[in-house]
Amino acid sequence: KEERIRKEEEEAKRRKLQAVENKDRIMEAFLKEKEKEVLQLQEEAKTFITPENLDARIEECLDNPRNYNFAIDKDGRVVKRTVLS
């Protein structure tokens, strides 16, 4: 009877330890994912328009005009495009 109780206690300790290890692995994976998201946002932030680079970005847009006025067919081919003025 004592041996059965001891085995049950050992099994309960093992399950608790395994649950803690699983929780740690999940938390570590979560932290890695969040770190990856932060790094991605930092990389994207390099292209943000800020008050400091506003004039340069405006000049860049004026020097390289783009025409987004066009129509496409069902296959994704450009069918009609307006003339860039």
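Here are some friendly notes on the charges, helices and strands of this structure.

1. A word before you start: this is a predicted model. Please keep that in mind as you follow the points below on your screen.

2. Start with helix α1, which covers residues 2-45. Find E11 and R14 there: their side chains meet in a salt bridge, with N and O 2.3 Å apart. The two residues sit 3 positions apart in the helix, about one turn. E11 counts as partly exposed because its relative accessibility is 29%, and R14 is also partly exposed, at 43%.

3. As background, side chains of opposite charge can pair when their charged atoms come close.

4. Further along helix α1, look for K32 and E28, which are 4 residues apart, about one turn of the helix. Their side chains meet in a salt bridge as well, with an N to O distance of 3.8 Å. Is K32 exposed or buried? K32 has a relative accessible area of 55%, so it is exposed. E28, with 46%, is partly exposed.

5. Now move to helix α2, residues 54-63, where you will find D63. With 56% relative accessibility, D63 counts as exposed, because the cut-off for that word is over 50%. D63 is also one of four residues in a patch of negative charge on the surface; the others are D55, E59 and E60.

6. Next come the strands. How many bridges join β1 to β2? There are 3, and the two strands run antiparallel. Strand β1 spans residues 70-72, while β2 spans residues 78-81.

7. Together β1 and β2 make a hairpin, with 5 residues between them. Within the turn, G76 has a positive phi of about 90 degrees.

8. One more salt bridge deserves a look: R77 pairs with D73, and their closest N and O atoms are 2.9 Å apart. D73 is partly exposed, because its relative accessibility is 24%.

9. To finish, how many salt bridges does the structure hold? The total is 10; among them are the E11 and R14 pair, the K32 and E28 pair and the R77 and D73 pair.

Terms used. Residues are numbered from 1 along each chain as its sequence is written. This is a predicted model: local features need pLDDT of at least 70, side-chain atom pairs count only at pLDDT 80 or more; totals for chains, interfaces and linings use all residues. Side-chain values use heavy atoms; hydrogens and water are left out. Patches are made of residues with over 30% relative accessible area and no salt bridge: like charges are joined within 9 Å, nonpolar side chains (Val, Leu, Ile, Met, Phe, Trp, Tyr) within 5 Å. Accessible areas come from the Shrake-Rupley method with a 1.4 Å probe; for residues, only the protein chains shown count as cover. Lys and Arg count as positive and Asp and Glu as negative; His and the chain ends are not counted. The place of a charge is taken as NZ of Lys, CZ of Arg, CG of Asp or CD of Glu. Buried means under 20% relative accessible area, exposed over 50%, partly exposed in between (1.4 Å probe, protein chains only). Two strands pair if DSSP finds at least two bridges between them.
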